[in-house]
Amino acid sequence: SQRSKIRTLIDLIAEMEKSFGKNIPIQDLKKAAEENGIEDVEQIIRKMKEEGVIFEPKPGFVQKV
């Protein structure tokens, strides 16, 4: 289920890139994820960073690798 949550977050990031550009505000990503029923967003974002799926170009923002 963690895999599917990561997949959903990646899709959300891709969707949000259309309006925000490359840097996605973490607050907006968390809000969108919670609206999609994902609760432990912070933990999933941390896991995605560890796995090198996303990175934090500046504090408070994430970007796909």
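User: Hi! Starting with the strands, what does F55 stand opposite in β3?

Analyst: Hello! F55 stands opposite Q63 in β3. One thing to keep in mind as we go is that this is a predicted model.

User: Good to know. How many bridges join β2 to β3, and do they run parallel or antiparallel?

Analyst: There are 2 bridges between β2 and β3, and the two strands run antiparallel.

User: And what about the hairpin of β2 and β3, which residue takes a positive phi there?

Analyst: That's G60, with a positive phi near 90°. The hairpin has 5 residues between its strands.

User: Where does β1 come in, then? What is the order of the strands in the sheet?

Analyst: The order is β1-β3-β2, in an open sheet of 3 strands with antiparallel pairing. That leaves β1 and β2 as the edge strands, each pairing on one side only. β1 pairs with β3 over 2 bridges, again antiparallel, and P25 stands opposite F61 in β3.

User: Nice. How many aromatic pairs are there?

Analyst: The count is 0 aromatic pairs, taking ring centres within 6.5 Å as the cut-off.

User: Changing topic to helix α1. How far apart are its end C-alpha atoms, and what span should its residues give?

Analyst: Helix α1 covers residues 2-20, so its 19 residues at 1.5 Å each should span 27 Å. The end C-alpha atoms are 25 Å apart, which agrees with that expectation.

User: Which residues of α1 are buried?

Analyst: I6, L9, I10, L12, I13 and M16 are buried. They cover an arc of only 165° around the axis, so they lie on the same side of α1.

User: Why would residues three or four places apart point the same way?

Analyst: An α-helix has 3.6 residues a turn, so residues at that spacing point the same way.

User: And on the other side of α1, which residues are exposed?

Analyst: R3 and K18 are exposed over there.

User: What covers the buried residues of α1?

Analyst: The cover includes the helices α2 (26-35) and α3 (41-50), along with strands β1 (24-25), β2 (54-55) and β3 (61-64).

User: Last one: what follows α1?

Analyst: G21 follows α1, and its phi is positive, near 85°.

Key. Residues numbered from 1 in each chain as written. Predicted model: local features only at pLDDT ≥ 70, side-chain atom pairs only at ≥ 80, totals over all residues. Heavy atoms only, no water. Helix = DSSP H or I, 4+ residues; strand = E, 2+ residues; numbered from the N terminus. Expected span 1.5 Å × (residues − 1). Buried < 20%, exposed > 50% of the residue type's maximum accessible area, 1.4 Å probe, protein only. Arc of directions from axis to C-beta. Contact = heavy atoms within 4.5 Å. Pairing = 2+ DSSP bridges. Phe/Tyr/Trp six-rings, centres within 6.5 Å; stacked < 30°, edge-to-face > 60°.
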